Amino acid sequence: MSVPTAFRTCPTTGLKVHLPAENLIKANAVVAVVFFLIGVAMALLVAMTRWPAVHLLGDEFFYRALTAHGINMLIFWIIFFEIAVLYFASAILLNSRLAAPKLGWLAFALMLAGSGLVDVMIALGKADVMMTSYVPLKAHPLFYLGMILFAVGALVGTSLFFATLVIARRDRTYEGSLPLVVFGAATAAIIAVVTIAHGAIIYIPTMLWSMGIIEHIDASTYRILWWGLGHPSQQINVAAMIAIWYLLGALTVGAKPINEKLCRTAFVLYILFINLASAHHLLVDPGVSSTWKIWNTSYAMYLAVLASMIHGMTVPASIEVAQRRKGYTKGLFEWLKKAPWGNPSFAALTLSIVIFGFIGGITGVTFGTEQINIISHNTLRIPGHFHATVVGGTTLAFMGVTYYVLPLIFRRQVVAQALAKIQPYLFGVGIVMVSLGMTFAGSYGISRRHWDITFAGATLQPAVDPTVYLLLGIMGIGAILAVLGALLYILITVGTVLAGKKTG
Amino acid sequence: MSGQQGKGEEERVPMWQLFYDNIFLLLALGVAIPVVFYTLWGVMELVNLPVWPK
Ligand code: HEM
Ligand SMILES: [Cu+2]
């Protein structure tokens, strides 16, 4: 049965572009950037409060802004963008039509309604529970309903990705195995299923509890199930980011993996093992046994870490090979010197690999052991780590790919090219300062999610090493740079979509 | 082993490739493994904790 569909052929890549898929990609990407803007505004408020020299917000608004920052960034910005990536990787990269675009719009509407509801509840002060919403902290039932609607929408979007893979295979729009980038996106989609299933299991009873229908939710059980959502959701980001690394390697310098089998094996290691590492969030929880903790974090987690190290080697190696093939063979590093550093996508790709791999990877693996976890738990070392992974890594990679999405999907020439060139550096340098400032302040025992580290006015005041003020100052200045870099990204994307010169 | 696409229409696809190409098998394993080792095992441990006597 053939369905009449509208396609156009991309003049640059020769790909057949399914127009309904293209519209869905546009809608999800635009909304992602809007939530990013909310998250950035909140980031500035939160960072300027955690910098003791400024200490901007009062306690109540600090926790409200922190809740809004975590949720808008980690969930809404990232997942809207990822849904766009999934549609792109399935329909566009496979030259196929997207399965059931109407359902795609339903997914979009559910996600938008859910995220809107959550943000309204936070703004009204009815959900000062932070992104983890640990019980017995209780939010308004509509907050949980918003989360559930969002999750259902994301699940529908993810299902369309799988359905499109089936259609593309049946219609033979590609030959042989799935292309590597699509395989990476499929990894993200598989992990998303685990994430969303746990989300449904935990948010539905919690909503009933906040409505007074269920009397009691056990805090330990909540934490186990919530982290079955919280950890995998970060691994969706990792898989999507790495798929984008391979894509950007190909787009910016024509890189091709030296050995695709190895890259695929690394993705399969993610699929099988990365989600067991959810247990690293519960290493100081008393209810679960050491056997459970060690099995899930040590043995399983190292297999997933191995996979990240493989990707961290194969992407730069493929870039080197591509550069050398172009004749940049002098000495050890000519290929690196002559790389297209002025291409914002290449700059974002490189910074993403370095920040994710070195700062994010090294800090993260250490917390995965029980002995170090007990020292670092709930200190600023934790946000120091994940601002290197999900911000310096994933968010920068998403920014990098945006500079290709704008001309190829929105068909507009990127405006303010000179500013676009410096944008990834500004954001990258800022976030490295944020991450390192937090990490080292955390090593001095400074708590995360804490409004006033000096405990002013309390009977007992803890000793705060003066170095901490320097470190939090570095974090604060880095935050200003990162926020400027983020605003530049938003201005360039919005400017391009509204006023960029039409191409093709 | 040849990674090249020759005229290999009839070339036998290696077992690992068949496994990696089977996205829905990977999906099933990717869901089952964490659900068994992390979720079910963890929740069973919590359920079996003795209750504080009233
Ligand atoms: C624009 C640059 C950003 C700056 C300056 C920034 C700064 C901060 C600061 C100061 C905190 C508070 C740490 C604490 O008190 O415990 C924080 C928390 C957090 N940030 Fe960011 N951030 C930025 C971007 C992002 C992005 C892009 C994401 C996600 C994709 C993100 C995710 C989070 C999360 C999940 C938390 C923890 C919230 C919680 O503890 O409940 N941030 N950030
Ligand atoms: Cu985790």
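Colleague: In which helix is the place of B:F37?
Modeller: The model is a predicted one. B:F37 has a relative accessible area of 30%, which makes this residue partly exposed. Its place is in chain B, in helix α2.

Colleague: Which elements each supply at least two residues of the nonpolar patch?
Modeller: The patch covers about 560 Å² of nonpolar surface and is made by A:I294, A:W295, A:Y299, B:V36, B:F37 and B:L40. The elements that each supply at least two of its residues are α8 of chain A and α2 (23-47) of chain B.

Colleague: Which element gives the most to the lining of the largest cavity?
Modeller: The lining has 19 residues, and those closest to the centre of the cavity are A:I79, A:F150, A:A154, A:T195 and A:I196. Two or more lining residues come from each of α2 (59-92), α4 (141-170), α5 (180-210) and α6 (219-253) of chain A. The most, 6 residues, come from α5(A).

Colleague: How do the residues of that lining divide into nonpolar, polar and charged?
Modeller: In the largest cavity, the lining is counted over 19 residues. They divide into 14 nonpolar, 4 polar and 1 charged.

Colleague: How far apart are the closest N and O atoms of A:R64 and A:E60?
Modeller: Side chains of opposite charge can pair when their charged atoms come close. A:R64 and A:E60 are 4 residues apart in helix α2 of chain A, so about one helical turn separates them. A:R64 is buried at 12% relative accessible area, whereas A:E60 is partly exposed at 47%. They form a salt bridge whose closest N and O atoms lie at a distance of 2.8 Å.

Colleague: A:R64 also forms a salt bridge with A:D128; how many residues apart in sequence are the parts that this pair ties together?
Modeller: The closest N and O atoms of A:R64 and A:D128 are 3.0 Å apart. A:D128 is partly exposed, with 26% relative accessible area. Because A:R64 lies in helix α2 of chain A and A:D128 in the loop between α3 (101-123) and α4 of that chain, the parts tied together are separated in sequence by 64 residues.

Colleague: Are A:D285 and A:R223 buried or exposed?
Modeller: These two residues form a salt bridge, with 2.7 Å between the closest N and O atoms. The pair links distant parts of the chain, 62 residues apart: A:D285 is in the loop between α7 (260-273) and α8 (290-325) of chain A, and A:R223 is in helix α6 of chain A. Both A:D285 and A:R223 are buried.

Colleague: Near what value is phi of A:R411?
Modeller: A:R411 is found in chain A, in the loop between α12 (381-408) and α13 (417-443). Salt bridges with shared partners join A:R411, A:R8 and A:E22 into one network. A:R411 is partly exposed at 25% relative accessible area. Its phi is positive, in a residue other than glycine, and is near 55°.

Colleague: What is omega, about, for the cis peptide bond that joins A:V135 and A:P136?
Modeller: A:P136 lies in the loop between α3 and α4 of chain A. A:M130 has its place in the loop between α3 and α4 of chain A, with a positive phi near 60°. For the cis peptide bond between A:V135 and A:P136, omega is about 5°.

Methods
Residues numbered from 1 in each chain as written. Chains lettered and ligands numbered in written order. Predicted model: local features only at pLDDT ≥ 70, side-chain atom pairs only at ≥ 80, totals over all residues. Heavy atoms only, no water. 1 Å grid on protein atoms, 1.4 Å probe; cavity = no way out; pocket = protein on both sides within 12 Å on 5 of 7 lines; lining within 4 Å. Nonpolar A, V, L, I, M, F, W, Y, C, P; charged D, E, K, R; others polar. Salt bridge = Lys/Arg side-chain N within 4 Å of Asp/Glu carboxyl O. Buried < 20%, exposed > 50% of the residue type's maximum accessible area, 1.4 Å probe, protein only. Patch = residues over 30% accessible without salt bridge, like charges linked within 9 Å, V, L, I, M, F, W, Y side chains within 5 Å. Areas by Shrake-Rupley, 256 points an atom, 1.4 Å probe, with all protein chains shown as cover.
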